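Please look over the model shown below.

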Amino acid sequence: MANYYDLLHIRTDAFEMEGFCFGTGEKPLVILPGLGTKSIAKAAGSVSAAYSLLAKSYKIYVLDRRLVVPEGFSVREMAKDTAEAMRSLKIEKAAIFGASLGGMIAQQLAVDFPEFVGALALGSTTSRCNPTIRETALAWRNAALNKNISDLISSFLDALYSEKTVRIAGELIKQMNSDLSEDELNRFAAQAGAIIGFDIYDRLCEIKAPTIVIGVEGDKVVTSEASVEIAQAIGCELYMYGSEYAHCVFDEAPDYKNRLLKFFENNFLI
């Protein structure tokens with residue numbers, strides 16, 4: 001069932017955005033993915049299959065960033081785009097799952113547009129640009145701007161995935177990213193640049209929606225401490241995976257989607 005999806009092309013006066021939707025449930029769930037080299041729409045088949053557990057209970061919308069991300073674009077502007085896209089899709093309130101950069105956007109959405117957020121799950125993310133994510137984002141941004149695809153993907157593999165995942169899927173990931181276009185690299189660089197200026201920590205107390213933070217020990221991208229401080233500042237549930245997983249634990253841990261499902265079932269009631 002979850003392998004059936006509809007591609008979305010959202011047009012507003014300000015931007016165009018790609019995404020896709022799937023699932024047969026009545027309740028809306030919006031997934032905001034992390035920083036990626038290609039449009040998330042190109043991964044619609046694999047993502048819909050990965051989240052099939054939630055597809056019976058939810059109508060799932062996976063929303064990317066605008067097609068053209070200008071240099072200097074901020075996470076706050078990305079959250080504003082997300083709100084406008086939800087309006088365009090006539091989504092009044094949804095369960096929100098944001099991973100990594102998507103988690104930063106989700107926090108900003110919950111602060112600036114709380115009417116759209118019925119329940120919030122934040123995966124492998126941070127509320128502010130700490131030294132670890134600053135160094136990583138700068139390195140990725142510079143590699144993309146210099147068109148150094150090999151260094152960019154090697155750094156991606158090392159930071160995002162566990163040794164087990166790299167051993168199994170590393171060559172496939174390299175192959176899938178070997179043909180990045182100049183537009184894709186520039187769009188990636190602009191998004192990486194947005195991370196460097198992100199800081200919503202002092203406003204986390206404004207988030208009133210039921211929230212869970214899911215992190216991983218030894219996260220090389222945002223640090224595990226970043227997950228802890230978000231949960232403490234909001235006063236919400238925290239779950240930490242062990243160091244056998246990496247930053248992309250949401251793709252690696254077999255029980256991750258079940259954890260999301262249980263949280264939303266208990267906290268997103270419409």
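Which residues line the largest cavity? They are Met17, Leu32, Asp64, Arg65, Arg66, Met78, Asp81, Thr82 and Ile105. The model is a predicted one, in which local features need pLDDT of at least 70, side-chain atom pairs count only at pLDDT 80 or more, and totals for chains, interfaces and linings use all residues. Residues are numbered from 1 along each chain as its sequence is written, and side-chain values use heavy atoms, with hydrogens and water left out.

A cavity is defined on a 1 Å grid over the protein atoms alone, as a set of points where a 1.4 Å probe fits but cannot get out; a pocket is an open set with protein on both sides within 12 Å along at least five of seven lines, and lining residues have an atom within 4 Å of a point. Grid points are joined across faces, edges and corners, and a volume is the space filled by probe spheres set on the points. The count under this rule is one cavity of 30 Å³ or more, and the largest cavity has a volume of about 30 Å³. Elements here are DSSP runs numbered from the N terminus: helices are H or I with at least four residues, strands are E with at least two. The lining of the largest cavity divides into four nonpolar residues, one polar and four charged. In this scheme Ala, Val, Leu, Ile, Met, Phe, Trp, Tyr, Cys and Pro count as nonpolar, Asp, Glu, Lys and Arg as charged, and the others, Gly among them, as polar.

The open spaces come next. The largest pocket has a volume of about 1,300 Å³. Its lining consists of 48 residues, and those nearest the centre of the pocket are Ala43, Tyr161, Cys248, Phe250 and Asp251. Elements that give two or more residues to this lining include α1 (44-50), β4 (58-66), β5 (94-99), α4 (131-145) and α9 (249-252). The most comes from α6, with seven residues. By class, the lining of the largest pocket has 28 nonpolar, eleven polar and nine charged residues.

The second largest pocket has a volume of about 200 Å³. It is lined by 15 residues, and Asp158, Tyr161, Ser162, Lys220 and Ala246 are the closest to its centre. Both α5 and α6 supply at least two residues of this lining, with the largest share, three residues, coming from α5. The lining of the second largest pocket divides into six nonpolar, four polar and five charged residues.

Now the cysteines. A disulfide is a covalent bond between the sulfur atoms of two cysteines. Here a disulfide is counted when a pair of cysteine sulfur atoms lies within 2.5 Å, and the structure holds zero disulfides. Cys129 counts as buried at 15% relative accessibility, and Cys236 is buried with a relative accessible area of 18%. Buried means under 20% relative accessible area, exposed over 50%, and partly exposed in between (1.4 Å probe, protein chains only).

The aromatic rings close the account. Rings of Phe, Tyr and Trp (its six-membered ring) pair if their centres lie within 6.5 Å; planes under 30 degrees apart count as stacked, over 60 as edge-to-face and the rest as tilted. The whole structure contains 13 aromatic pairs. One of them joins Tyr51 and Phe97 and is tilted, at 6.4 Å centre to centre with 45° between the planes. This pair links distant parts of the chain, 46 residues apart: Tyr51 is in the loop between α1 and β4, and Phe97 is in strand β5. Tyr51 and Phe97 are both buried. Phe113 and Phe116 form a tilted pair, 6.4 Å centre to centre and 55° between the planes, and both are buried.

Tyr51 and Phe97 also belong to one aromatic cluster with Tyr239, Tyr241, Tyr245, Phe250 and Tyr256. Lys257 lies over the face of Tyr51, at 4.8 Å from the ring centre, and Arg128 lies over the face of Tyr201, at 3.8 Å from the ring centre. A charge sits over a ring if NZ of Lys or CZ of Arg is within 6 Å of the ring centre and within 35 degrees of the ring normal.
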